[in-house]
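Okay, hi everyone, thanks for letting me go first today. Let me put the thing up on the screen, and then we can walk through it together.

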Amino acid sequence: MHLDPIVIKAKAGDPEAFMQLMQEIELPLYRTARSIVNKDEDCADALQETILKAFKSIHTLREPAFFKTWIFRILINECNKMVKSSSRALPSGELPDVPSTSKDYEKIELWDAVQHLEENLRIVILLHYLQDMPISQISDILEISTVAVKTRLHRARKKLKHSSQINREKGVATS
């Protein structure tokens, strides 16, 4: 769905248009927040702060076409604040359920490997692959060059490939 007309209405102060925007983008925002902060409570707090800040300052958005970039930047900043102020340890009660097939194991191993990447690498992987964002948009959100985004993607892929090879070797050794 093309959001520009709704963004223009929201910028003009239409609260229903703003609510519609939030409904359209809520799931991608949630997924991104959840992948950064790991706890549901922190995720909810980050989303709430993001929506509040966006509502208060949407009138400052210069170009409606950049709404998604703008709101993701707000979200990532909020998530980073939460990460800095709390422990990133995952309580044992929040561990994923035991998977039932080898494909499930592979997904969990990949997700675990992504979660263990350095934050600057993890964020570009999540935005590019989970949110399907182009490199130029990630560059705008993170306020870094497209070359830096490409470099981070390359480094992250390399680390994930290495992690996958180690897991495969462990699987062969334990079989």
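Predicted model: local features only at pLDDT ≥ 70, side-chain atom pairs only at ≥ 80, totals over all residues.

In other words, we have eight helices and zero strands.

Residues are numbered from 1 along each chain as its sequence is written, and side-chain values use heavy atoms, with hydrogens and water left out.

So what's inside? I'll call a residue buried if its relative accessible area is under 20%, exposed if it is over 50%, and partly exposed in between, using a 1.4 Å probe and protein chains only. By that rule, 35% of the chain's 175 residues are buried.

Next, the nonpolar core, meaning a set of buried Ala, Val, Leu, Ile, Met, Phe, Trp, Tyr and Cys residues joined through side-chain atoms within 4.5 Å. The largest one has 46 residues, and the members that touch the most others are Leu21, Phe67, Trp70, Ile71, Phe72, Leu75 and Leu127. Who contributes? Each of these supplies at least two residues: H1 (4–11), H2 (15–37), H3 (40–57), H4 (67–85), H5 (102–115), H6 (119–130), H7 (135–142) and H8 (146–174). H4 gives the largest share, 10 residues.

Let's zoom in on Leu21. A contact here is heavy atoms within 4.5 Å. If we skip residues up to four places away in sequence, Leu21 touches Leu3, Ile6, Val7, Ala10, Ile58 and Phe67. And for the whole chain, take the contacts between residues at least 6 apart in sequence: 67% of them join residues at least 24 apart.

Okay, helix packing. How do H4 and H6 cross? For the geometry, axes are lines fitted to C-alpha atoms, for helices over the stretch in contact, and angles run from 0 to 180 degrees between N-to-C directions. The H4 and H6 axes come within 13 Å and cross at roughly 145°. On the H4 side we have Phe72, Ile76, Asn80 and Val83, and they meet Glu119, Ile123 and Leu127 of H6. That contact splits into five nonpolar residues, one polar and one charged.

While we're at H6, have a look at how much of it is tucked away: Leu121, Arg122, Ile123, Val124, Ile125, Leu126, Leu127 and His128 are buried. Beyond its neighbours up to four places away, Arg152 touches Asn120, Leu121, Val124, Leu142 and Ile144. Arg155 is also in H8, and, with the neighbours within four places left aside, Arg155 contacts Glu118, Asn120 and Leu121. Arg155 counts as partly exposed, at 34% relative accessibility.

Now the rings. Rings of Phe, Tyr and Trp (its six-membered ring) pair if their centres lie within 6.5 Å; planes under 30 degrees apart count as stacked, over 60 as edge-to-face and the rest as tilted. We have two such aromatic pairs. Phe18 and Phe55 are edge-to-face, with 5.1 Å between centres and 70° between planes. That pair links distant parts of the chain, with Phe18 in H2 and Phe55 in H3, 37 residues apart. Is Phe18 buried or exposed? Phe18 is at 4% relative accessibility, so it counts as buried, while Phe55 is partly exposed at 47%.

The other pair is Phe67 and Trp70: their ring centres are 6.0 Å apart and the planes sit at 45°, so this pair is tilted. Both are in H4, three residues apart, about one turn of the helix. Phe67 and Trp70 are buried.

Last stop, the loops. Asp132, in the loop between H6 and H7, has a phi near 55°, a positive value in a residue other than glycine. Asp132 is at 66% relative accessibility, so it counts as exposed. Glu143, in the loop between H7 and H8, also has a positive phi, near 55°. Glu143 is exposed too, at 60%.

That's my tour, thanks!

Key:
Helix = DSSP H or I, 4+ residues; strand = E, 2+ residues; numbered from the N terminus. Nonpolar A, V, L, I, M, F, W, Y, C, P; charged D, E, K, R; others polar.
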